[in-house]
Amino acid sequence: MNTLKIVGLLCCLALLVRSAHIPEKSMDARSLVEKILANIPVVHGSSVKITGLTLDPSSLSRNIPYQSMVTSLGIPAAPELSTVCRPLNQINFTLEVCLSSMSAGLQLYQDVLGVLKECVTTEKVTGLLADIRDLLAQVNKMQEPGQMSSVAQYEASGLASRLPGDYEVQVATHFTLLQLRDFTQNLKRSLRNVEHLTSRPGQRG
């Protein structure tokens, strides 16, 4: 067996040992993802009353007139997971980068929804925040101990200073929940990729 094959084998064995805990943690995370996806419409229905702003995919064209307001409010966008948590036949898939991006996105929604929670009258946002907090904890547990210091740290958005009234709060809530839904759906797909990678390290590419 030549040196390159030995190194490759050792790398695969090392990945298997390091990531043995990840599939179980990922399954726990995916149950929280399903809970978040189920709660998003509930939160939206209790906090957004502006006619036409719905989560119905067939009504998304109605969002277009609000895009300039979204820009002026500075509603942040989460990391695009599809670019960093690629399918496992891509040789540049990096587990640490993928998990770090998941963590950064969840921190973002913790911050933004934490701001909105202080502006809306519904208690539903509190429950959604708790689920996001628990999911963030699960994702961070999937990181290697030595990698925890490199977990991306999200900086506060300062959104509160750009919400002068209830109308702006409702628009910000609507678009935040839309973005959270998309991010969470991508996170769900990315978790499946992570499970596949860590359960079959030889398939990393």
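Two aromatic pairs occur in this predicted model. One of them joins tyrosine 66 and phenylalanine 175. Their ring centres lie 6.5 Å apart. The planes meet at 50 degrees, so the pair is tilted; edge-to-face pairing would need an angle over 60 degrees. Tyrosine 66 sits in the loop between α2 (22-47) and α3 (67-73). Phenylalanine 175 belongs to helix α7 (residues 166-199). The pair therefore ties together parts that are 109 residues apart in sequence. Both tyrosine 66 and phenylalanine 175 are buried.

Tyrosine 109 and phenylalanine 183 also form a tilted aromatic pair. Here the centre-to-centre distance is 5.7 Å, with 45 degrees between the planes. Tyrosine 109 is in helix α5 and phenylalanine 183 in helix α7, so this pair links parts 74 residues apart in sequence. Tyrosine 109 has a relative accessible area of 1% and is therefore buried. Phenylalanine 183 is likewise buried, at 3%.

Threonine 122 was examined next. This residue is found in the loop between α5 (95-117) and α6 (124-142). With residues up to four places away in sequence left out, threonine 122 touches Ser46 and Ser47.

Terms used. Residues numbered from 1 in each chain as written. Predicted model: local features only at pLDDT ≥ 70, side-chain atom pairs only at ≥ 80, totals over all residues. Heavy atoms only, no water. Helix = DSSP H or I, 4+ residues; strand = E, 2+ residues; numbered from the N terminus. Contact = heavy atoms within 4.5 Å. Phe/Tyr/Trp six-rings, centres within 6.5 Å; stacked < 30°, edge-to-face > 60°. Buried < 20%, exposed > 50% of the residue type's maximum accessible area, 1.4 Å probe, protein only.
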